[in-house]
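Take a walk through this fold, one region at a time. Keep the sequence beside the coordinates as you read.

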Amino acid sequence: MDLLAKIRTLPTGAGCYLYKNAEGEVIYVGKAKNLRARVRSYFLAASQANAKTGSLMREAVDIEYILVANEREALALENNLIKQRKPRFNILLRDDKTYPYIKLTLTDRHPKVFVTRRLRKDGSAYFGPYFPGNLAHRLVDVIHRSFLIPSCKVDLNRYHPRACLQYYIKRCLGPCVEGLISQEDYKQAIRDVQLFLEGKPSELEARLTARMEQAAENMQFELAARLRDQLITVSQAQDRQRIASPDADEDADVFGFHFENDMLAVNLFHMRSGKIVDRRDFFWEDLYEFEAAHNPYLTDDVYPLITDVSSRPESAPTPINLSSRPEAAHFAAAVERPAAPIDLTTDPSLEPNPTQPAPEIVADTEATEEHGLIAPSEPWALNTAPSFSPPVFFSALLKQLYLDSGYVPRHIYVPVDFPDRELLAEALRERLGHKIEIAAPQRGDKRSLVDLVCQNAKQSYDQRFRVLQPSIKLMQEALQDALTLADPPDRIECFDISHIQGTETVASMVVWEKGAMKKSDYRKFQVKTVTGVDDFAAMREIIHRRYSRLQADNKPMPSLILIDGGLGQLHAAADALTELGLTTQPLASIAKKEEIVYVHGQEDDPIILDRRSPVLHVIQKIRDESHRFAVTYHRKRRQMRDRTSELDDIPGVGAITRQRLLEHFGSVRALKQAAEKNPDSLTAVVNKAAAEKIRRYFASESDRDEETAKLVQISTF
C-alpha cells in the first residue's frame with residue numbers, strides 16, 4: 001500500500017501523525033483536529049509548491065498516527081513526541097537553560113535544604129523557580145544561617161561520632177550526632193523553613209513568637225535570642241516583599257524576535273512582581289533546516305515532542321496505544337517572594353475516549369483555513385523571508401517551553417498571534433488550575449514592552465551574528481596591507497580541487513564578501529578536459545572557465561582570487577588569467593601545513609603571517625570552506641557513481657528511475673532495506689510492476705550472498 005493509499009485509511013479524529021523515511025526514522029511530527037484532512041492537505045498544489053514541504057514529502061515513505069480524545073491532548077502529545085524523537089523537519093528548542101529550585105528533602109530522617117535544577121518525584125518539596133538564578137542560593141544561605149539547617153553534605157540518615165565546626169560556631173543544629181537535638185525540635189525547625197518558603201509569614205511569626213516567649217520564661221536566653229533573630233529575618237523578608245510586589249499578579253514572560261538572512265534571535269524577558277528580573281537569549285542559524293516542513297498553508301503543526309512509538313513499517317498506518325504521558329506538575333511559585341511547594345504526584349492520562357464521535361472530514365481548502373494561512377498584510381510578513389513564519393515558530397516555541405514546565409507565569413506576551421494560542425492557553429489552564437493569558441498586544445503599554453524586547457532581540461542578533469561588523473573595514477584594510485593589494489578587498493573568490501587518484505575530479509569556488517561567506521554565490525565544477533592526477537591542469541581549466549564566463553556576461557571581477565595550494569597551483573591559475581588578458585587581476589594562494597601566502601608577482605617574497613593574526617584566520621577560514629565544499633561535492637559524485645553501478649543490473653530500471661529512487665531513498669542501502677522490509681514504500685516512486693522487479697533483485701542478491709558465504713565456509717574445512 002503506497003503512501004496515498006494509507007492516507008485514505010486515516011481516521012477523522014484528533015491525534016498526532018508521524019512521517020517516516022525509508023529507514024524508519026521519524027522525520028516529522030504534527031497534530032491535527034482531523035487527521036485525514038490534515039495529512040491530505042500536504043498533497044495540495046499550494047503545499048507542494050513550497051520547497052520545504054516538498055523536501056519533507058520527497059523523503060516520507062510511511063506514516064503512523066496516534067488517536068487521542070481531543071485537540072488539547074494532541075497538543076501535549078505533539079510536544080512530547082518532538083522532544084523525544086527530535087525530528088529534523090520540526091523546529092527544535094536548542095536551549096538547556098533551567099532556573100533553580102529550592103529542595104526540602106521531607107522524606108529523609110533529618111531533612112536538608114539545598115538548590116537544585118532538576119525536579120524528581122521523590123517525595124521532596126520543591127519551591128521555585130527563582131529569578132534571577134542566584135536568588136535561590138541567597139535564600140538557602142539565609143535559611144542555613146537563620147534556621148540552622150545543616151549546609152554540609154554529611155549523610156544525616158545515620159549518626160556520626162562528633163559534630164563538625166558548623167555546630168560549634170552556632171551555624172547548625174547538629175542532627176548528625178545523637179543527643180545534640182531531639183527529633184521533635186528538628187521537625188519544628190523544618191516546619192519553620194517550610195512556612196518561610198511557602199510564604200506564610202503570619203503563621204511563622206506566631207510560632208516563633210510563642211516559642212521565643214516560652215524560652216524566655218524558661219530562662220533559655222540563647223534560644224530566645226536565636227528565635228528573635230529568626231523573627232527579624234522573616235519580618236525583613238516580608239517588608240521587602242511589600243515594597244517589591246505592589247501587584248502580585250504581574251508575573252509575565254515577554255517575547256521578542258529579530259530574523260534576518262535565515263538566522264533568528266529570540267529574547268525572553270521574565271517579569272516578576274512587575275519587575276524585569278532576568279532574560280534569556282535563543283539563537284537559530286540556518287533556520288531553513290528547522291523549518292523545512294512548515295508551509296504557510298500548514299501552520300497547525302510545527303513543533304512537538306514524544307512518547308514511545310513503534311518504528312517498524314506496516315502495510316497500513318499503525319495506531320499507537322497511549323497509556324499515559326509524563327506528569328504535568330502543578331506549580332505555584334513566585335520570584336522575590338516566598339514560593340509555594342510543587343506537587344509532583346499528578347499523572348493525567350491521554351487515553352483516547354472511544355465514546356467521542358469523530359468529526360466530519362472537511363474539504364482541503366477548509367483544512368488549510370482551519371490551520372491558519374499567513375496573512376500577507378501582517379507587518380512581520382513584509383520584513384521576513386518566505387521560509388520563516390513567526391506564527392508557526394512561536395506556536396512551536398511556546399509549546400516546548402511551557403507544556404512541560406514546572407512554573408508558568410499568568411501572562412505571556414508574544415509579538416505575533418498564532419493559530420494554537422487559545423488552545424495552548426486552555427491546555428495550560430487545565431494543567432495548572434488557574435487562568436493563563438497568552439496575548440499578542442497590538443497597542444498600549446504591553447505592546448511597547450513587546451517592542452522593547454524586540455529591540456533587545458535585534459541587539460542580541462547583532463552581537464551573535466555580526467560580531468565582526470564594526471571591524472569589517474579594519475579587516476579589509478588589514479588584508480589590503482598584508483597582501484599588498486591596491487584596494488581593500490570587498491569580494492574574494494577561492495578555488496580548490498578534489499579527487500582520489502585522478503578519479504571524479506571536481507573543483508569548488510566559495511565567496512567571501514564584505515566580511516562574511518556568501519553561500520548563494522558558491523559554485524562547483526566538474527573537471528572535463530583533464531584525466532589522471534594533474535591538479536595544475538585542473539586548476540587552469542576551472543579558472544579559465546569561471547572568468548571567461550564572467551567576461552562573456554560582462555560581470556565585474558573579484559577583488560582577489562585565492563587558490564588553495566602552493567606555487568604550482570598559483571602559476572596554473574595565473575596562466576589561465578593571462579590567456580584571458582586579465583594580467584592585472586590580484587591573485588594569491590595559501591599553502592597547506594606551512595600556511596604560507598604567495599602573492600602572484602611576489603613569489604620570491606612569500607608572506608608568513610603570525611599564527612594568531614586575524615588576517616591569517618580570515619584567509620584560513622575562506623580556504624577551509626573551499627576545501628570542505630570541494631570534498632563534499634567530490635564525495636557526492638563518487639557516491640552517485642557507486643550507487644549507479646549497483647543499480648545498473650536491475651531489469652526495467654533506467655537512468656531516470658535510478659535517479660528518482662536515489663533522490664527519494666537517499667542511498668542504495670536505504671533502498672535495499674525498503675525493498676526487503678516494506679516493499680510497498682517503493683510504489684511512492686515507481687509502479688507496482690517495477691517495485692516487484694526491484695524487490696526480486698535485492699532478494700536474489702541476498703540469496704547469492706548467503707550461498708557465497710556457505711561456499712567460503714565449506715572451503716575452509
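This is a predicted model: local features need pLDDT of at least 70, side-chain atom pairs count only at pLDDT 80 or more; totals for chains, interfaces and linings use all residues.

Two strands pair if DSSP finds at least two bridges between them. Strand S13 (residues 491–500) and strand S17 (residues 560–564) meet that test, pairing in the parallel sense over 4 bridges.

Start with the partners of S17. Cys494 has Leu562 in S17 as its bridge partner. S17 also pairs with strand S18 (residues 587–590), again in the parallel sense and over 4 bridges. There, Ile561 stands opposite Leu587 of S18. Is S17 buried or exposed? Of its 5 residues, 5 are buried, so the strand is largely enclosed by the rest of the structure. The residues point two ways. Leu560, Leu562 and Asp564 point one way, Ile561 and Ile563 the other, and all are buried.

Step back to the whole chain. It has 717 residues, and 50% of them count as buried. The chain holds 21 helices and 19 strands.

Now turn to another sheet. This one is open and has 5 strands, in the order S9-S8-S7-S11-S12, with mixed pairing. S9 and strand S12 (437–439) are the edge strands, each pairing on one side only. From one strand to the next, the twist averages 15 degrees. S8 and S9 run antiparallel and are joined by 9 bridges. Within that pair, Leu264 has Trp284 of S9 as its bridge partner. A helix packs on this sheet: H14 (residues 444–465) touches S7, S8, S9 and strand S11 (411–413). The direction of H14 makes about 45 degrees with that of S7.

Which residues touch the most other members of the largest nonpolar core? They are Phe255, Phe394 and Leu398, out of 33 residues in that core. Strands S7 (252–260), S8 (263–272) and S9 (275–284) each supply at least two residues, as do helices H12 (390–402) and H13 (421–432). H12 gives the most, with 7 residues. Leu398 shows the packing in detail. Leaving out residues up to four places away in sequence, Leu398 touches Phe255, Leu403, Ile412, Val414, Phe418, Leu424 and Ile438.

Next, look at His144, in helix H6 (residues 134–147). Buried means under 20% relative accessible area. His144 has 11% relative accessibility, so it counts as buried. Beyond residues up to four places away in sequence, His144 touches Val113, Ile149, Pro150, Ser151 and Arg171.

End with a helix pair. Two packed helices are described by the angle between their axes and the distance between the axes. For H16 (residues 535–552) and H17 (residues 567–579), the axes come within 8 Å and cross at roughly 35 degrees. The crossing is right-handed. On the H16 side, the contact involves Asp535, Phe536, Met539, Arg540, Ile543, His544 and Tyr547. H17 meets them with Gly568, Gln569, Ala572, Ala573, Asp575, Ala576, Leu577 and Glu579. By class, this contact has 8 nonpolar, 3 polar and 4 charged residues.

Note on methods: Residues are numbered from 1 along each chain as its sequence is written. Side-chain values use heavy atoms; hydrogens and water are left out. Axes are lines fitted to C-alpha atoms, for helices over the stretch in contact, and angles run from 0 to 180 degrees between N-to-C directions. A crossing is left-handed if the near helix is turned anticlockwise from the far one by less than a right angle, and right-handed if clockwise. Contact means heavy atoms within 4.5 Å. Ala, Val, Leu, Ile, Met, Phe, Trp, Tyr, Cys and Pro count as nonpolar, Asp, Glu, Lys and Arg as charged, and the others, Gly among them, as polar. A nonpolar core is a set of buried Ala, Val, Leu, Ile, Met, Phe, Trp, Tyr and Cys residues joined through side-chain atoms within 4.5 Å. Buried means under 20% relative accessible area, exposed over 50%, partly exposed in between (1.4 Å probe, protein chains only).
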